Amino acid sequence: RLQLPRACPSSLLPCLCPYLVIFCFPVRYIRVWFATLLTMVNNLVRRVTHVFDVAGSSRRPSTWNPKDNVKADLLEVSDRRIRYKGAGAGGGTDSDAAAVRSDQPIPTECGVYYFEVEVINQGRDGFIGVGLCTGSVNLGRLPGWEQHSYGYHGDDGQRFQGSGKGMPFGPKYGAGDVVGCCLDMTASTVSYYVNGVEIGVAFENVRETELFPTVGLNTPGEEVVVNFGQDPFKVDVSELLRKAKQRSMQQIERTPVPNMQGAGLKLALDYLLHHGYPDTAAAVGKDLEDWIGACESANSSASNKQVPTASTIVEQLDSARRRAAIRQMVMEGKIEEASRAAEAYVPGVFAEQPSIQFQMHCQQLVESVRERHNHNVERAGSAGGDDDDTLALMQAVSESARDASQQETLQEVLSLLVFNDPANSPLGYLMTTDRRVELAESLNKAMLAQKGESHTSALDLIHRQAVVSLEWGLQEHIGTVSLVEAQDAFRDRIEVFSYPTFDT
C-alpha cells in the first residue's frame, strides 16, 4: 500500500500507473523489483510535489494587498484597482489621505523593476501619489510623506522623500495619464515616466532592501488601476534592463586588477591539461614559449618561473593523454575496461574513493541493460550466462552502496531492468550520453585527487568564485549583481582562449 502525501494532486495518479504494471519477468528479480518499486514511486511523488511547491514560491507584486488598507472607510481596494470613497475634507491633510501597498515586495533578483499606474479618475483635486515604501511605513499618509517612502504626486508634479515638503520634479498628471515607476537597483535610483515618456531620476541613493509599490489617494472620486506586468507597458522594459546590465558590466570592468602578463595562456593551459586535452595543450605550450621569448627579447621581467613552457609539461601532457584515453573508454560505455585502466594508472583510486567505484558499477549495470536491449534478449525466458552476469553485477553494485543516497540511485538503476524499452522509459535519463560525460568527469577528478593534484582547474575555480560572489550579492540585496551572469561574462571573452584546433 502506497501512502501519497496530501499535497499530491489526484491528476498525478495516472502518471504513476506505468510504475504499477509488472511485465513477464524472471522470478528471481521480483523481490528486488518490488522493493525498488516502492522507493521509486515515493521518490517520484516527493519530487513532483516539490516541483508544485517551487512553482508557487515565486514572489513578486501582482495585486494590491487588501490587508494593508488601514483606512477601509476611505479606500475601496479591489484586486489591482483602488478608489477613494471617503468624504475628503480637502487641503491634502493627513486625516483624508490613505495609501495601499502591493501584496509582495519587489524581489532583489530583478535588478530593475518597473510598474505603471493608470489614472482612471483624478477626482476632485487629483491628490494622487505613486511611489515606493517599505513594509513598516504608515499607510495613513501619501507616498513620500514618511521615512523610507518615495512618491511623485499628480496635483503639483512634485517629488516627496520622507517629508511633507516636496521638491519640483515633473509635470502634473491626471485622468487618462499612465505613470510609470522604475526602481533601478544597479544604480540605487527611482525614475518616473508619464505616458511612456521619461521624466527623469527622482530619487538617488535608494538603499532600502525591501520596497513595495504603493499608491495613495486623498480626495473623493480618485480612482487608479495598477499594471504589475499583466498588461503591456508603455515603456520598453527590455531596453531598461539592457542599459542596467551594461552599467553593471562597466562597473565590474572598471575595477582595477593586478597586471598579470601571460595569465590567460596559463589558465588555458591548466584547464586543457586538467580536463584531458593534451594535443591542444601542447599547442598552447608552444604559444607560451613564443610569448616568453618575445618578453625576454624585449627585456621584460617575465621569466620561465612565471609561466611553464612546453618542455616543463612533458609529464603533465603524458598524464593528460592517459586520462583522456580512460575518459574515452567511459564515453564509449566500456566501463569495465576503463576501471582496469584507471586502477593500473592510479593504483588504489577505487579503494580510496569508494564513491567513484559505486558510480562505475552503476554505469556498468546501465551499459549491461543497454546491451541486453540492443540485442533484443528476451528477459522472461533467458537463462544462463547473461542473467548470471547481470546478477553478479547487481550483487557488486549492492555491496558498494554505502548510504541512503546511493541506495536510492541503485534502486533507480535496477528499475531499468523492468522496462521493455528502458531508454524511452521514465528512467531513460540514466541511459543518456550526459550520464557518461558526468561519470568521465568524476573519474578524472578522482584520478587527479589520488595523484595528489588539484581536482579542479584554476579557471574552474575562478568561475565558481564568480558564481558564489553573485549569489552572495543577491542574498545581501546588492542589486548591481542581479543582472550579471558569470557564464555570460566568460562566454563574451572566450575569444581570448580560442585556438585553431581542439580535440574532439
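Helix α7 (residues 335-345) packs against helix α9 (residues 354-374) at an angle of about 155 degrees. Their axes lie 9 Å apart. Axes here are lines fitted to C-alpha atoms, for helices over the stretch in contact, and angles run from 0 to 180 degrees between N-to-C directions. Angles under 35 degrees count as roughly parallel, over 145 as roughly antiparallel, 65 to 115 as roughly perpendicular and the rest as oblique. α7 and α9 are therefore roughly antiparallel to each other. Helices (H or I, at least four residues) and strands (E, at least two) are DSSP runs, numbered from the N terminus.

The model is predicted: local features need pLDDT of at least 70, side-chain atom pairs count only at pLDDT 80 or more, and totals for chains, interfaces and linings use all residues. Residues are numbered from 1 along each chain as its sequence is written, and side-chain values use heavy atoms, with hydrogens and water left out.

Which residues of α7 and α9 meet? From α7 come Ile 335, Glu 336, Ala 338 and Ser 339. From α9 come Met 360, Gln 363, Gln 364 and Glu 367. Contact means heavy atoms within 4.5 Å. By class, the contact has three nonpolar, three polar and two charged residues. Here Ala, Val, Leu, Ile, Met, Phe, Trp, Tyr, Cys and Pro count as nonpolar, Asp, Glu, Lys and Arg as charged, and the others, Gly among them, as polar. Glu 367 also belongs to a network of salt bridges with Arg 370 and Arg 436.

Turn now to the sheet. Seven strands form an open sheet, in the order β1-β2-β13-β4-β9-β10-β11. The pairing is antiparallel. Two strands pair if DSSP finds at least two bridges between them. At the edges are β1 (75-78) and β11 (197-203), each pairing on one side only. Neighbouring strands of this sheet are turned by 20 degrees against each other on average, direction ignored.

Strand β10 (residues 189-194) pairs with β11 over five bridges, in the antiparallel sense. Tyr 192 stands opposite Gly 200 in β11. Helix α3 (residues 237-253) lies across β4 (112-122), β9 (178-184) and β10. The helix runs at about 145 degrees to β4.

Glu 239 is partly exposed, at 28% relative accessibility. Arg 242 is partly exposed too, at 43%. Buried means under 20% relative accessible area, exposed over 50%, partly exposed in between (1.4 Å probe, protein chains only).

How many salt bridges does the structure hold? It holds 14. A salt bridge is a side-chain nitrogen of Lys or Arg within 4 Å of a carboxyl oxygen of Asp or Glu. One of them joins Arg 101 and Asp 68, at 3.0 Å, N to O. This pair links distant parts of the chain, 33 residues apart. Arg 101 is in strand β3 (residues 98-101), while Asp 68 is in the loop between α2 (27-55) and β1. Arg 101 is buried, with a relative accessible area of 7%. Asp 68 counts as buried at 16%. Elsewhere, Glu 146 bridges to Arg 141, with the closest N and O atoms 3.0 Å apart.

Ser 425 sits in the loop between α11 (404-415) and α12 (433-450). Is Ser 425 buried or exposed? Ser 425 is buried, with a relative accessible area of 12%. Not counting residues up to four places away in sequence, Ser 425 touches Leu 416 and Phe 419.
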